[in-house]
Every structure is written in structure tokens, then in C-alpha cells.
Amino acid sequence: MHHARLVARLIVMLTLVAGCAPATTTDGPSQTSVLGRIRAKGELVVGTAASMPPLNMTTKTGEIIGLEIDLAQAMAEAMQVRLRLSAMPFGDLLPALEAGQVDVILSGMTMTPERNMKFAFVGPYLMSGKSFLAKQATLTSSKGSNDLNDPKMRLAALRGSTSQLFIERNMPRATLVLTRDYDEAITMVLEDRVDAMIADLPACLFAVRRYPDRGLFALETPLTHEPIGIALSGNDPLLLNWTQNWLRELETTGALERTTDRWFKDTAWLQRLP
């Protein structure tokens, strides 16, 4: 009899607990997830520096264009949401991602082990490497960093970038000048306020093409090999998985290669820059 009362009491308790439990749904991702937030707002917020040709750059009319902007638009279309670009200095991008102010970053971001400990990465969608931009051809013909590892050498690098780390590790004796964006660094080279800009190879090569009559030279053989990827929150496995599958489809259909060729081989867009 005691056993029967105990069973009955347990049944009542389980019924009460079940009645208080929230209803579950399989309609889609939770709104507390990044993907859920994107779907709920109907908007994908992509962080970009908007100053790193040909990956991302701002035209004379203020429009943001580039390889990564095309990828961002394709990503939003695949999600069936609108795209909002959030432009900011490169060094502010990862803090903005961590704070949830942007959903993903598409901005020439190298997939490093240090960054990957805090953020998820999908890619690479592009392989890059470090190069020099200078007005001295002898400097850019150097195959190593010994010539630059001198206190008299003033080297510009993007704040918070792997270029900054590259100088600190390989040219610790050089005078490091940190800049907000590539335009500031290139201007410093043009005005002889620094001896060279250390940056990703595409940025250096396109600076030479952008200012063909200013005596600029770029090291065409990269000193490093760096995978460029999409940075995401490390707390949303569904968004990570979705982005992996989406990028894989772009690769297998040839869409990624066509988009890359559009920006790297056809340089008509240079005329649209300030």
C-alpha cells in the first residue's frame, strides 16, 4: 500500500514538472544564438574595414565594394536576409564580434591559432602572405627581414593585424608605426614618413597599381603564407556548420573562383577609388 502511494505521488510530481516545462520547437535556431538573431532581425551584419583593396574598399561615392563584399552579399542572400555592412578600423573588428555588434567578419582576417582560441573561422577562401610596400626598389627586393631590422627603419603596419605581429617578431629593432587603415599607411610611404608598409600581398600590389606614377614598389614573393577566413562567434555551432557548407558550395560550383577573378584580374574598379 505504501509503495502504491509513493508511485502515485511520483506520477503527480512528474505531471506538474512537465506542465511547467517550456514548449520545445523545431522551427529553427534559438533566438539566443547568432543565427537565430540574424533570422529574427532579417539582417546579417558583416564587419569590414572597408579599406583593404581588392578585398574591401570604399569608392569615391562612399559605396563599399570588393571581393569580400560580394561574398557577404551572397551569404545574406543564401540566408534569405538583407545585408548590413558595418565599417570600422581593422583593430576594432574582433572586439565588435565578441560584443555581438557584428555577426561575422569578412575583412582580410588571417586564421591564426591565437585568434582561433577565441573565435571560430571558416575557410580559407583566399591564401595571402606578407609583403613590403616601399619607394626603394632595393628594399622590396630583399628576401628577408634583416635589412629592415634596424632602429632607423620606420615600418608601418595595420593596428591589430598579423603584419604588426610579423614586425614585432621578425624586426624587433625597427621603429613600428601603427595605422588605422591601409590608406593612412600608404600615404605615409608616399610622403616618406615611413620607409615601408608591411601588409598582405594584395594590398601592396594594388597600391602600386593604384598609384602607378608615384615610384612605389612591392615585394611580389610573399614572405609568409596566410589563410584568410570568415570570423564567427565560437558559441554558435549551427552558424559555423551553415557557413562551412555554404562556402564549400561556392568552391565546388566555381562561384568563389569567378568572384576572386573578377576582383584580382579585372582592375577597372581602381578608377572608382578616391
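These legends describe close-up views of one predicted model. Residues are numbered from 1 along each chain as its sequence is written.

**View 1. Five strands form an open sheet.** The order is S10-S9-S11-S8-S12, and the pairing is mixed. Strands are DSSP runs of E with at least two residues, and helices are runs of H or I with at least four; both are numbered from the N terminus. Two strands pair if DSSP finds at least two bridges between them. Strands of a sheet pair through backbone hydrogen bonds, either parallel or antiparallel. Strand S10 (175–179) and strand S12 (217–218) are the edges, and each pairs on one side only. Strand S8 (residues 130–134) pairs with S12 in the antiparallel sense, over two bridges. Here Ala134 stands opposite Phe217 in S12.

**View 2. Helices H7 and H9 lie against the sheet strands.** Helix H7 (residues 162–170) packs on the sheet. H7 touches S8, strand S9 (154–158), S10 and strand S11 (196–200). Contact means heavy atoms within 4.5 Å. The direction of H7 makes about 145° with that of S9. Helix H9 (residues 201–210) lies across S8, S11 and S12. H9 runs at about 125° to S11. Axes are lines fitted to C-alpha atoms, for helices over the stretch in contact, and angles run from 0 to 180 degrees between N-to-C directions.

**View 3. Ser86 sits in strand S5 (residues 82–87).** Ser86 counts as buried because its relative accessibility is 16%. Buried means under 20% relative accessible area, exposed means over 50%, and partly exposed lies in between (1.4 Å probe, protein chains only). Leaving aside neighbours within four places in sequence, Ser86 is in contact with Val45, Val46, Gly47, Thr48 and Val102.

**View 4. The largest nonpolar core has 35 residues.** A nonpolar core is a set of buried Ala, Val, Leu, Ile, Met, Phe, Trp, Tyr and Cys residues joined through side-chain atoms within 4.5 Å. Leu44 and Tyr125 have the most contacts inside this core. Elements that give two or more residues include strand S1 (43–48), helix H3 (67–79) and strand S7 (119–128). H3 gives the largest share, six residues. Tyr125 touches residues including Glu68, Leu71, Ile228 and Leu256, not counting those up to four places away in sequence. Apart from this core lies another, of 32 residues, with Met88, Val189, Met197 and Leu216 among them.

**View 5. Phe206, Trp263, Phe264 and Trp269 form one aromatic cluster.** Rings of Phe, Tyr and Trp (its six-membered ring) pair if their centres lie within 6.5 Å; planes under 30 degrees apart count as stacked, over 60 as edge-to-face, and the rest as tilted. The whole structure has four aromatic pairs. Phe206 and Phe264 are edge-to-face: 5.9 Å centre to centre, with 75° between the planes. Phe206 lies in helix H9 and Phe264 in helix H11, so this pair ties together parts 58 residues apart in sequence. Phe206 is buried at 5% relative accessibility, whereas Phe264 is partly exposed at 21%. The rings of Phe206 and Trp269 have centres 5.2 Å apart and planes at 40°, so this pair is tilted. Trp269 is buried, at 6%. Arg209 lies over the face of Phe206, 4.8 Å from the ring centre. A charge sits over a ring if NZ of Lys or CZ of Arg is within 6 Å of the ring centre and within 35 degrees of the ring normal.

Terms used:
This is a predicted model: local features need pLDDT of at least 70, side-chain atom pairs count only at pLDDT 80 or more; totals for chains, interfaces and linings use all residues. Side-chain values use heavy atoms; hydrogens and water are left out.
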